Amino acid sequence: MARVKGALATRKRRNAVLKLAKGYWGGKSKLFKTAKEAVYKSGQYAYISRRLKKRDFRRLWITRISAACKLNGMNYSTFINGLKKANISLNRKMLSEIAINDQAGFTQLCEKAKAAV
């Protein structure tokens, strides 16, 4: 029986890594060893960034809500506390969208929050 060699599987694996490293600078896109390290590291960065993205957006929404609250004469924490006491449950993403696109509606929310506090 003929001996099975692993050249095909090895080449396939290497080409898959090099395909992922396409566009990287210098040897990182041409040499398997450095490409493998770069792809591994980029995967780690991508994994971490998917979690950081959620934090960054929440910070952005809170900043927008806070700025809109200041225009209506209150601060962010008082506003959120007032909404909770008034049983208004809107998430921060929606609150920031309202603050940007519907300033009259946000002013009404502020009035309700003030009344509840």
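The side chain of Ser96 reaches the backbone oxygen of Lys93 at 2.9 Å, a polar contact being a pair of N or O atoms within 3.5 Å in which, within protein, one atom must be able to donate a hydrogen and the other to accept it, and residues adjacent in sequence count only if both atoms are side-chain atoms. The model is predicted, so that local features need pLDDT of at least 70 and side-chain atom pairs count only at pLDDT 80 or more, whereas totals for chains, interfaces and linings use all residues. Residues are numbered from 1 along each chain as its sequence is written, and side-chain values use heavy atoms, with hydrogens and water left out.

Ser96 lies in helix α4; helices (H or I, at least four residues) and strands (E, at least two) are DSSP runs, numbered from the N terminus. With a relative accessible area of 0%, Ser96 is buried, where buried means under 20% relative accessible area, exposed over 50%, and partly exposed in between (1.4 Å probe, protein chains only). Neighbours within four places in sequence aside, Ser96 is in contact with Trp61, Arg64 and Ile65, contact meaning heavy atoms within 4.5 Å. Helix α4 also holds Arg92. The side chains of Arg92 and Tyr76 are joined by a polar contact of 2.7 Å. Leaving aside neighbours within four places in sequence, the residues in contact with Arg92 are Arg58, Trp61, Ile62, Ile65, Tyr76 and Ile80. The C-alpha atoms of Arg92 and Arg64 are separated by 9.4 Å, the two residues being 28 residues apart along the chain.

The largest nonpolar core has 14 residues, and of these Ile65, Cys69, Met74, Phe79, Leu83, Leu95 and Phe106 touch the most other members. At least two residues of this core come from each of α2 (32-71), α3 (76-85), α4 (92-101) and α5 (103-116). A nonpolar core is here a set of buried Ala, Val, Leu, Ile, Met, Phe, Trp, Tyr and Cys residues joined through side-chain atoms within 4.5 Å. In soluble globular proteins, nonpolar side chains tend to be buried together. Phe106 touches Ile65, Ala68, Cys69, Asn72, Phe79, Leu95, Ile98 and Ala99, residues up to four places away in sequence not being counted.

The structure holds 0 disulfides, a disulfide being a pair of cysteine sulfur atoms within 2.5 Å. Cys69 is in no disulfide, and the nearest cysteine sulfur, that of Cys110, is 4.7 Å away. Cys110 is likewise in no disulfide, its nearest cysteine sulfur being that of Cys69 at 4.7 Å. Cys69 counts as buried at 0% relative accessibility, and Cys110 counts as buried at 0% relative accessibility.

The buried residues of α2 are Ala35, Ala38, Val39, Ile65, Ser66, Ala68 and Cys69, and the buried residues of α2 pack against α1, α3, α4 and α5. Lys33, in helix α2, counts as exposed at 65% relative accessibility. Lys33 and Arg55 are 22 residues apart in sequence and 34 Å apart in space, C-alpha to C-alpha.

Just after α2, Gly73 takes a positive phi of about 75°. Asn72 is found in the loop between α2 and α3 and counts as buried at 17% relative accessibility. The side chain of Asn72 reaches the backbone oxygen of Ala68 at 3.1 Å, and a polar contact of 3.3 Å joins the side chains of Asn72 and Thr107. Neighbours within four places in sequence aside, Asn72 is in contact with Phe106, Thr107, Cys110 and Lys114.

In the loop between α3 and α4 lies Asn87, which has a positive phi of about 60° although it is not a glycine. Asn87 counts as exposed at 71% relative accessibility. Thr10, in helix α1 (residues 7-20), counts as partly exposed at 23% relative accessibility. The C-alpha atoms of Thr10 and Leu71 are separated by 63 Å, with the two residues 61 residues apart along the chain.
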